[in-house]
Amino acid sequence: MEILGFALRRLLVAVPVLLVSTFLIFLTVAGSGDPLTELRERQPPVPPETITAEEVRLGLDQPVLERYGDWLTGVVRGDFGPSVNRNASIAVEIGTRLGVTMRFVLVAMLVAAVLAILVGVVSAVRQYSWLDYLFTSAGFLFLAMPSFWLAILLKQGGIQFNRATGTETFYMIGDRSVPPPPTFLAQLADVAGHMILPTVTLVLIHFAVWSRFQRSSMLEVLNSDYVRLATAKGLPRRTVLRKYALRTALTPLITVIALDFTAVFAGAVITETVFQWRGMGDYLLSSINARDVNAVMAWLLVAALAVMVFNLVADILYAALDPRIRHVR
Amino acid sequence: MTRIKGARIRYGAALAAVAVLAGCGTTEGTGDGQTVATGMQAGQLDANKSEVRDGGTVTYSVDVDVKNWNILHATGDVFGYRQILNPVLPHAMISMPDFTMAKNDALLLDAKVVKESPQTVEYTIRPEATWSDGTPITADDFKYTWQVQDPKQCPTCQPATTAGYDQVASVTGGDGRTVTVTFKKTYQPWRLMFPYLLPAHVAAKHGDLAASFNDYFTTTVPTWSGGPYLIEQHVPNQSVTMKKNPTWYGEGPRLDQLIFRILTDERQAVTAMANNEIQVVVPRPTLDLVEQLRGIGNVTTMMASGLLYEHLDVNTAHPALSDQALRRAIFTAVDRQAVIDKTIGQFSADTKPLGNRNFMPGQKLEGVDAYTDNVTGKGLGGGQVDAAKKILTDAGYTIGNDGLTDPKGKPVPTLRMRYSKGNQMRLDTSVLVQNQLKQLGITLQLQETDSLGTTVNTGDFDLIVFGTNLDVIPTATAQSVFGSKGTHTGYKDSELDGWLSDAAETLDPKQVVELLNKVDERISDKAVTLPLYQTPTLLAYRNDLGNVRVNPTRFGTSYNAQEWGVKNGG
């Protein structure tokens, strides 16, 4: 019950934050340019009646505050408003693209977390060994690499591999081949071939941060009094590491991973662009280019909700694991 | 499946380095196996003309997914959409790579003016021409296509253009296969009309003119075809897959499948081409992209000059710029070759300053040579700073340390030079012009605009650099750009209006060329706009593909998709 109350309090605080942020973002995006620029620039000119009809359809003939009011009441009813792309449904686009992005973001987070824990623990337990130096160097290398650069390098590697082996193992664009391969197994291999490189890009970037975090957390726990006492009492080393040290050292990492979800989501914008996945990142960029206010707002709303949810998850996890947090008033 | 995935690409380590360096803004190409058109010529009708075999799949990447399937609709008239729908819709007339407008021989036996007053054009449809459901292509399709683009026939339809269609008095069809189009008054660019036909029999099942045109055709993926290919599958945001139209009445098509793959970031075309995931791409040329595509061993790149040209315009309504001497001095001091060398010349070395605003070099209008340089000979755009200073001093201006002072002793104010936000080429051009005009004591303040159309149409500029896309027959565009009704520069000239009207209403191509060149010369004399250079069109395709070529007109590269195929022995 205490945790439930805590979660409700956090949610109530989040609602006004969300409202203010949508208002500010709406003003910013609506003021960023005219979505009908391309129509107005055409040669031969588009009939003025047609441009007026588009202005009315998109609500551009209304004051910006009224447009925000319409957008807000629409969103409450589940209507994200009209898109600049005349026949596109923003809700359908978001739904489809969210699925595409989550597919590789969740896999990437899971793999990166497992790798980070393994590498972090090994580095801490064997501090200053050659393994520790190797993992530390690799971690800093990937930390320093911009994701677009890493993605390009991986693409080049993929092409070289395909060429050397005469196979079609890795693909450079999209999340599947067109047309799809004829058999189910071939389709599975095809989806995997499209997924490996973008996923590895995200994994390497985030594994680097998280493994450093896990290493220092583990080192701190290993040097604590209760671990030293457990060792002094003659408990087996494996038991000390697994039951005493690792469980405690994982707590901060889980919180960091929950909070980092949005960073992974944001990092996927670049990865999706380089690998041409039609996910949320691609949608954000194309909507900004088209000055599609309603589409950008829908994207930001989903992103803001994701931030809120994962912050809440982080808070709840922390509160569940640390009683001091949930008793704070 | 005989997909073109023969021997894996020879893709050396050099390209890996190139692409990696591209991230840092530097490129280096190997140049293996490339065929690059030299100089900036129009596209060639016989470029890459080859014997091809039946079968195979080709993937052509385009930068947008179709969100409006009606390319005659205002929001459907997009280059990428045209690429996808060219092989599906029937065309009466097609704009060809050499800037001519030709009748589509697959659909028409003839298209000609049969009476001059009132102008009457007769189209004769081949008897074998049908839609994919077996319905004949007839005068009804011409009539529907006219009606939805004529605001009098359909006031609530939202077409991309009404040009020409609003001049039509009637469209009739005697035996259904002979279409007679009668105009209210002579309409010179009649050949630009009916580039696409919509199926009237399909429209009839979906409401009135406006309902079928604005709603049905815009939202529905065509299950019908009047062209060589039929849409088999559309995966939103991913691809459009086409198969042969079994009832196609022309020659070809040769490929089993034609796939349009959506690639929103053209920079990714390089690795996709190298990995053979796409085989044809028409990206906007940039230095990096051109070099990288040239670096792929088994890919051919072609560049041809297009109908899009960049120009520098002056707002003659500005108090200072209303003086012709000042405008002339500005255009005399601007060095167009220097602008080209620092911008487009980096990847298109043979680009020359453009000498005409209505016709492009090499362009012919119905066989009549149309291009004349009306700019260079008048001393404009040559970077002649001393001559520019003389124009100013002769007119009573003083060039001092504090800048330029007009004949009345008033300092010439700082002028606003506008350019499109995010367009590096136009920003670079603006900076160069700014530096060139400093020598005359003229200060330019550079201001970007994120709504070029509004900025131009409202005259919210002192000087501005942007591009104009001409039609292969430029009478209508010339009227909308230079005529008193459409002018954005504030320059009005009743004599020039008369020439434009005459050009729009005469069917003699020689006279049209003369009149439009008189207009062009007048614009040079009055120093209103300064043409800079033509923007090139870039095409990259796999070496083993035949009949894929640059078409730098509105139709684009897929204008002849039915001829595409794998070369014999390829």
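1. Buried area here is the accessible area, taken with a 1.4 Å probe, that two parts lose on being put together, summed over both. With that in hand, a few friendly notes on this predicted model. Between chain B and chain A, about 4,400 Å² is buried, and carbon and sulfur atoms carry 51% of it.

2. How many residues take part on each side? Chain B brings 63 residues into contact with 51 residues of chain A.

3. On the polar side of things, 20 residue pairs are in polar contact across the interface, with both partners at pLDDT 80 or more. The chain B face draws at least two residues from each of several elements, among them helix 5 (209-219), strand 10 (239-244), strand 20 (463-469) and helix 13 (475-482) of chain B. Its largest share, five residues, is supplied by helix 1 of chain B, which spans 13-22. Sorted by class, the residues of chain B that touch chain A are 28 polar, 21 nonpolar and 14 charged.

4. The salt-bridge count between chain B and chain A is one.

5. Within chain A, have a look at helix 5 (residues 90-125) and helix 8 (residues 184-222): their axes come within 5 Å and cross at roughly 35°. Which hand does the crossing of helix 5 and helix 8 of chain A have? It is right-handed. The residues of this helix 5 and helix 8 contact in chain A comprise 25 nonpolar, six polar and two charged.

Key:
Residues are numbered from 1 along each chain as its sequence is written. Chains are lettered from A and ligands numbered from 1 in the order in which they are written. This is a predicted model: local features need pLDDT of at least 70, side-chain atom pairs count only at pLDDT 80 or more; totals for chains, interfaces and linings use all residues. Side-chain values use heavy atoms; hydrogens and water are left out. Contact means heavy atoms within 4.5 Å. A salt bridge is a side-chain nitrogen of Lys or Arg within 4 Å of a carboxyl oxygen of Asp or Glu. A polar contact is a pair of N or O atoms within 3.5 Å; within protein, one must be able to donate a hydrogen and the other to accept it, and residues adjacent in sequence count only if both atoms are side-chain atoms. Helices (H or I, at least four residues) and strands (E, at least two) are DSSP runs, numbered from the N terminus. Ala, Val, Leu, Ile, Met, Phe, Trp, Tyr, Cys and Pro count as nonpolar, Asp, Glu, Lys and Arg as charged, and the others, Gly among them, as polar. Axes are lines fitted to C-alpha atoms, for helices over the stretch in contact, and angles run from 0 to 180 degrees between N-to-C directions. A crossing is left-handed if the near helix is turned anticlockwise from the far one by less than a right angle, and right-handed if clockwise.
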